[in-house]
Amino acid sequence: MDRKAVRSKILTGSLKVLKEKGARFTMDDLARCLSMSKKTIYKVFPDKEAILTDLVDNVFDQVAKDQKIILDDRDLSVVDKLRGILCVLPVEARGINFAELFRFREKYPRPYQRMESRIESNWEPTFELIQRGIEERQLRPVNPSVIKVIYESTIERLLYGDRAAEMELDYNEALEEVASLIIDGIKN
């Protein structure tokens, strides 16, 4: 297997053990899951933090791809596109306890910082969609930056706390509820 294929296999296995054991998974757990030696894993990734950081990037890269599909869909209204892009969560990421990752931010700061950075970036398509919705009178006039702050703050509270669990919602359900509240609040 080439390095790229091994890397992909390690990241896929990492998602699996992350869902099963949370951020407390060990490299032994990962090696067992993959039927691979730790030495092979360490040839591709220097440490667990590097794996977690790459997982964050992989999840957000998939979010961006899914959002592009939604944005390019000519059959969706502006409101439906906005709802879709605010609710994107790749199937692979469902079941991850993001709150636990937050608790490990001291031990693994890079994945945490990367997650924060990715949440706060690439808002231009969303802003353009909001502006188009306002121009087409599907949305009432709002400042897109305020929507961004509301969404980011809420997502960070859901991601980094046990709020979703307290509400007996999984993260995806909570995300859909947040998007509905925002969108229904700005629909014309």
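Reader: Where is Arg137 found?

Author: Arg137 is found in the loop between helix 8 and helix 9 (144-160), where helices are DSSP runs of H or I with at least four residues, numbered from the N terminus. This is a predicted model, in which local features need pLDDT of at least 70, side-chain atom pairs count only at pLDDT 80 or more, and totals for chains, interfaces and linings use all residues. Residues are numbered from 1 along each chain as its sequence is written, and side-chain values use heavy atoms, without hydrogens and water.

Reader: Why is Arg137 called exposed?

Author: Exposed means over 50% relative accessible area, buried under 20%, and partly exposed in between (1.4 Å probe, protein chains only). Arg137 has 67%, and is therefore exposed.

Reader: Why does Asn122 count as partly exposed?

Author: The relative accessibility of Asn122 is 46%, so Asn122 counts as partly exposed. Asn122 lies in the loop between helix 7 (109-120) and helix 8 (124-135).

Reader: Which residue classes make up the lining of the largest pocket?

Author: The lining has 32 nonpolar residues (Ala, Val, Leu, Ile, Met, Phe, Trp, Tyr, Cys and Pro), two charged (Asp, Glu, Lys and Arg) and four polar (the others, Gly among them). Helix 4 supplies the largest share of this lining, 10 residues.

Note on methods: Helix = DSSP H or I, 4+ residues; strand = E, 2+ residues; numbered from the N terminus.
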